[in-house]
Amino acid sequence: MAFDFIPWNHLIYIIGEITVIVILGALVISFILVIISLYSIRQKKLYFPKLIKSGLVFLEGLMKAMFRFLGLEDREMLSFFIKLHNSMNEPEFTRIPVTERAIFMPQCLRSSQCPAHLTPEGLKCRNCGQCTIGETRVLLEQLGYKIFIVPGSSFIKRMVKKYRPKAIIGVGCLAEVKEGIDMADKMGLVVMGIVTLKEGCVETIVNWADLYEVATLGIDPASIPEDLHTLAD
Ligand code: SF4
């Protein structure tokens with residue numbers, strides 16, 4: 001009995017056509033999203049953040065390759081992703097009470113002469129006055145935040161499991177913040193990232209005004225300690 005190959009050939013042809021259409025569609029959509037993203041970066045304003053974020057979920061690899069092809073440096077790309085993420089998370093973060101939020105700062109922000117010791121809950125700051133962490137930590141705790149000064153992401157995971165905050169603010173270098181955001185996303189936390197101004201392992205610098213701006217989101221200005229306003233300057 002002769003086997004009829006014609007329907008099979010037809011089916012393979014259709015599958016081939018669909019594959020080509022899907023690939024072309026992904027390329028075109030990625031290209032459009034990359035152009036919107038680049039325009040947003042140049043204008044320092046986010047356009048269609050939800051659209052870009054959805055695109056990144058499905059087409060991250062392709063979009064990253066296009067960003068590189070179009071000359072965007074990895075640092076710019078990471079910085080854009082973090083801004084995008086923050087802008088998407090801001091409404092939800094704003095709704096979460098401050099008592100259910102935590103801030104994770106990297107231990108590299110402290111003075112190189114820091115006398116604090118590392119404990120299972122991170123560095124226990126003694127407010128010795130040798131760096132700005134001490135004073136800032138006290139003010140943010142007065143506002144209702146739980147503050148942790150940690151050497152790495154394993155501490156963040158442990159503290160999140162122990163204290164169960166609903167939202168966190170992560171301070172760190174670009175790569176750390178991106179890694180922290182991915183980790184917090186997987187853990188179902190609302191996360192906002194603050195990137196340090198100077199990277200490295202010792203005496204890094206953060207713009208406290210950036211932290212102030214995020215930390216006070218959704219908080220009644222009347223309940224913000226007077227001294228905390230100095231962070232915004
Ligand atoms: S203020 Fe705290 S973190 Fe900064 S150096 Fe002193 S003990 Fe260390």
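Predicted model: local features only at pLDDT ≥ 70, side-chain atom pairs only at ≥ 80, totals over all residues.
Val20 belongs to a nonpolar surface patch, together with Ile23, Leu24, Leu27 and Leu62. The accessible area of the five together is about 410 Å². Helix α1, residues 6–43, contributes four residues to that patch, the most of any element.

Next, the other end of the chain. Helix α7 covers residues 208–215, and six of its eight residues are buried, so the rest of the structure largely encloses this helix. The buried ones are Trp208, Ala209, Leu211, Tyr212, Val214 and Ala215. What covers them? Among the covering elements are the helices α3 (74–95) and α4 (133–143), and the strands β1 (101–106), β5 (167–172) and β6 (190–195).

Now the whole chain. It has seven helices and six strands, in the order α-α-α-β-β-β-α-β-α-β-α-β-α. The C-alpha atoms fill a box of roughly 90 × 40 × 35 Å along the principal axes.

The domain assignment has domain 1 at 6–72 and domain 2 at 90–232. Their C-alpha centres are 35 Å apart.

Last, some totals. Of the 233 residues, 40% count as buried. The accessible surface is about 13,600 Å², with 61% of it on carbon and sulfur atoms. Among contacts with a separation of 6 or more, 67% join residues 24 or more positions apart.

Note on methods. Residues numbered from 1 in each chain as written. Heavy atoms only, no water. Patch = residues over 30% accessible without salt bridge, like charges linked within 9 Å, V, L, I, M, F, W, Y side chains within 5 Å. Areas by Shrake-Rupley, 256 points an atom, 1.4 Å probe, with all protein chains shown as cover. Salt bridge = Lys/Arg side-chain N within 4 Å of Asp/Glu carboxyl O. Helix = DSSP H or I, 4+ residues; strand = E, 2+ residues; numbered from the N terminus. Buried < 20%, exposed > 50% of the residue type's maximum accessible area, 1.4 Å probe, protein only. Contact = heavy atoms within 4.5 Å. Domains from an automatic or database assignment.
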